[in-house]
Amino acid sequence: MILNISKIKTEALLLFCKDLILSYQNNLNENSFEIDKEIIEEFNNISNDMLKQISNVTLPNQYYLQNRKHYKIKSILDAYNFINNEISTNLKKNEEFNPSMLYFSLLALWFKELNKESHSKEYIYFILYPYSFVYDKLLVKMQNQDFKRLNIKMIELAEKIIYKFDSYNLK
């Protein structure tokens with residue numbers, strides 16, 4: 001059987017982002033940067049919407065674990081592990097990072113900049129999402145310079161990971 005590599009990588013990226021959102025969901029409330037509460041609530045709402053949409057196009061995590069020996073699922077999990085390992089390698093231990101901006105940038109780069117799955121109806125939400133509005137709020141209109149620098153760092157990390165991931169060859 002022939003595998004659609006782009007769909008496998010897309011599913012792996014969405015699974016990774018889903019796990020990242022679930023791991024840090026509503027933890028942006030820990031406001032170490034003294035960010036406006038309105039922005040925190042807005043980004044939590046965006047994360048909840050993204051999570052809902054990702055859940056619509058991916059299967060429950062248990063499915064992937066139970067079927068990990070199936071060649072397609074194995075490929076998805078290998079691609080997921082590639083992303084996870086790259087991020088772990090590039091983030092220093094105990095280094096501060098913004099998981100919301102990281103997952104958001106990963107998705108924006110994959111679907112908008114690299115135009116992945118642009119003809120797939122199942123990913124239409126991610127293809128049409130107005131990523132620029134969120135970037136405006138978290139970068140252009142952000143008053144806290146430390147938080148702005150952190151967000152820029154997350155975008156740079158996402159770029160590094162996504163370009164490597166795009167050229168990653170599934171086994």
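The side chain of Thr58 comes within 2.8 Å of the backbone oxygen of Ile54. This is a predicted model, in which local features need pLDDT of at least 70 and side-chain atom pairs count only at pLDDT 80 or more, while totals for chains, interfaces and linings use all residues. Residues are numbered from 1 along each chain as its sequence is written, and side-chain values use heavy atoms, with hydrogens and water left out.

Thr58 sits in the loop between α2 (37-57) and α3 (61-66); helices here are DSSP runs of H or I with at least four residues, strands are runs of E with at least two, and both are numbered from the N terminus. At a relative accessible area of 7%, Thr58 is buried, a label that means under 20%, with exposed meaning over 50% and partly exposed covering what lies in between (1.4 Å probe, protein chains only). Its side chain also makes a polar contact of 3.3 Å with the side chain of Lys18. Such a contact is a pair of N or O atoms within 3.5 Å; within protein, one must be able to donate a hydrogen and the other to accept it, and residues adjacent in sequence count only if both atoms are side-chain atoms. Leaving aside residues up to four places away in sequence, Thr58 touches Glu11, Leu14, Leu15, Lys18 and Tyr64, where contact means heavy atoms within 4.5 Å.

As for helix α1 (residues 5-24), its 20 residues reach 29 Å from first C-alpha to last, close to the expected 28 Å; the expected span is 1.5 Å times one less than the number of residues. At the start of α1, a side-chain oxygen of Asn4 gets to within 3.1 Å of the backbone nitrogen of Ser6.

Stepping back, the chain has eight helices and zero strands. Its radius of gyration is 16 Å, close to the 16 Å that the globule rule gives for 171 residues, so the chain is as compact as a globular protein of that length. That radius is taken over C-alpha atoms, and the rule is 2.2 Å times the number of residues to the power 0.38. Buried residues account for 47% of the 171. Of the contacts with a separation of 6 or more, 81% are between residues 24 or more positions apart.

Helix α4 (residues 71-90) also has 20 residues, and its end C-alpha atoms lie 29 Å apart, which agrees with the 28 Å it should span. Its buried residues, among them Ile73, Leu77, Tyr80 and Ile87, pack against α1, α3, α5 (99-113) and α8 (145-167). In the loop between α4 and α5 comes Glu96, partly exposed with a relative accessible area of 45%. Glu96 and Leu150 are 54 residues apart in sequence, yet 8.0 Å apart in space, C-alpha to C-alpha.

Then there are the rings: the whole structure holds 15 aromatic pairs. Rings of Phe, Tyr and Trp (its six-membered ring) pair if their centres lie within 6.5 Å, with planes under 30 degrees apart called stacked, over 60 edge-to-face and the rest tilted. Phe104 and Tyr135 have ring centres 5.6 Å apart and planes at 80°, so this pair is edge-to-face. It links distant parts of the chain, with Phe104 in helix α5 and Tyr135 in helix α7 (residues 131-140), 31 residues apart. Both Phe104 and Tyr135 are buried. Tyr125 and Tyr129 form a tilted pair, with centres 5.6 Å apart and planes at 55°. Tyr125 is partly exposed at 24% relative accessible area, whereas Tyr129 is buried at 12%.
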